[in-house]
Amino acid sequence: MDPGTILAILELSATTLSCIGKYYVGVKNARADIQRLSNEVEGFHDVLQKVQELVQSSQATRLPISTSFTNVAKQSLLDITALEKRLNPSKKRRIMKRVGVRALAWPLRAKSLALNADQTSLLIGIDANVINLTQNQDLAEQNRQLATLPCAVGASFDSYFRQHESQCVPNTRVDLLNRLQKWSTDHERCIFWLNGMAGTGKFTIARTVAHIFYEQRSLGASFFFSRGVGDLGHAAHFVCTIAHQLADASPLLKRYICEAITKHHNIAMQGLRNQWKELVVQPLSRLNGQWPTLSLVIDALDECENQEDVKLILQLFVETKGLAGVNFGIFVTSRPETPIRLDFREMPDIVHQDLVLQDIPRPVVEHDITVFLQYQLYQIGSKRDIQGWPDETSIKLLVQASDCLFIYAATVCRFVGDPHWSPEQRLHLILQSEARGSRPTAKLDE
C-alpha cells in the first residue's frame, strides 16, 4: 500500500470539503444534497486518516493490506479527484468575480453522491482484525517459547508458597527501607548486599522490598533461595527463572527474550554465563530507556548449595555495572559466610554497597521488635477477644529476651497464637521460663 496514495486522497478530500462549504453558502435549493455529500466526504476523510495512522504505525510492516483494499483506495483517489474538479469554484473564477458565490449551481445529482467510505472502512476493519489476530498468534508463540525455559517453582516473592509469609510490620525498619528505596532510584552502586546472622530478619526485609518495588513498577524479578527445597536450593534454573519473570513484567523484554530463545534454541541447556548474557543482559541493553529503573531482589544467596555457582552469580552481577539502556540494580541478602564475604571483598567498591544488620544500633532494633510484638500480639488478642493484653511489662521482657533477634519475636508470636491453646497461658509460660533463667527458646522448640 503506497502511503502517497493515502496522503493524496486526504489532501483532496480536505479540499473537497472546503468546496462543499462554499456551495452550502451560495446554493439554497440543494441544501439536503450538499449536506449529505459533506457528511460522506467528512466520513471518508476520517477513514483515510485512520488508514494513514495505521500505515505510519509500528505495525505497518505487518499490515496485511488486501488487493481489494488497494483497489478501493486507488478508485477512491480517482473519484475524489473527479469530484474536486467538478466542485472547485476556483475553476469558475471569472464568473465568481462578476456575480459572487450565488453564481454557483449545484452540479451533482443524488446518485453521484456516494463514495467508497463504507467499503473502505469495512476493509480497514478487516485488516485491523487480521493485525490483532497476528498479534495474538505472536503472543501464543512467545508463551510457547518461554515455556521451554525451566523455572524454579516458588522462587518469586509473591509465589503461592509464600503467600502467608509476613512483611515488615508498619513503622518498623523505617530507616533501612528508606535507604533501599533511595538506592533503587539511581543504583549508583549496582549491587546492594544486606547481610546478617540467622534470625535478624533478612527474609522479611527482602519480601517487603520486593513488594515495594513491585508496587512502584520497578521490580524486574525476584528469586528466594531455600536450601533443600527443590529447585530453590540450587542455581540450575536461576537465570531462566529470572528471564521468565522479566518477560512477564514487560512486553518489550518478552519480545527480546523470545528472540534470544529463537536464536539460541538450546539456551536452557547452556551454562549460567551464556544464559545470563543472552536472556538477561542483552535484552535489558536494548530497552533504551523505555523502562527507566529496574531492580532484582535475590534472597538467601548463601542457601544456594553449590558454592561455585554462588561465586559465578556474583561475578555476573558485577558485569551489569554500567549496563546501557536501563538503570539497573540487584538487591542481595545472605548470611555473612566466609566465601561470600571474600567474594564481595574482591569486588571494586564502586560496584557494591553493604549493610550489616548487626551494625544497626541496638535501640533502633529494640524499638522495631517492640512495635512488631505489640502489633502481632494485639492481632492475636483481637481474634480471641482478649482486652488490654499484653501489658507493657510483658512486651519489655520479651524484647530483652529476644536479644535483637527478630526470629525470636516471630517464634514467640507463633507459639502464643496457636489456636488450640490460650494465648495468655502460653505467654505466661514463656515469661516464667525467662524469670527462671531458662534458655529463651527451650519452650518454643517444644
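Two strands count as paired if DSSP finds at least two bridges between them, and strands (E, at least two residues) and helices (H or I, at least four) are simply DSSP runs numbered from the N terminus. The model here is predicted, so local features need pLDDT of at least 70 and side-chain atom pairs count only at pLDDT 80 or more, while totals for chains, interfaces and linings use all residues. Residues are numbered from 1 along each chain as its sequence is written, and side-chain values use heavy atoms, with hydrogens and water left out.

On those terms, there is an open sheet of 5 strands, in the order E2-E3-E4-E1-E5, with parallel pairing. Strand E2 (219-224) and strand E5 (352-356) sit at the edges with a single partner strand each, so one side of each has no neighbour in the sheet.

E3 runs parallel to E2, joined by 5 bridges, and Leu219 has Ser295 of E3 as its bridge partner. Towards E4, the parallel pairing of E3 covers 6 bridges, and here Ser295 stands opposite Gly329. Over at E1 (residues 191-195), 5 bridges make the parallel pairing with E5, with Leu194 opposite Leu355.
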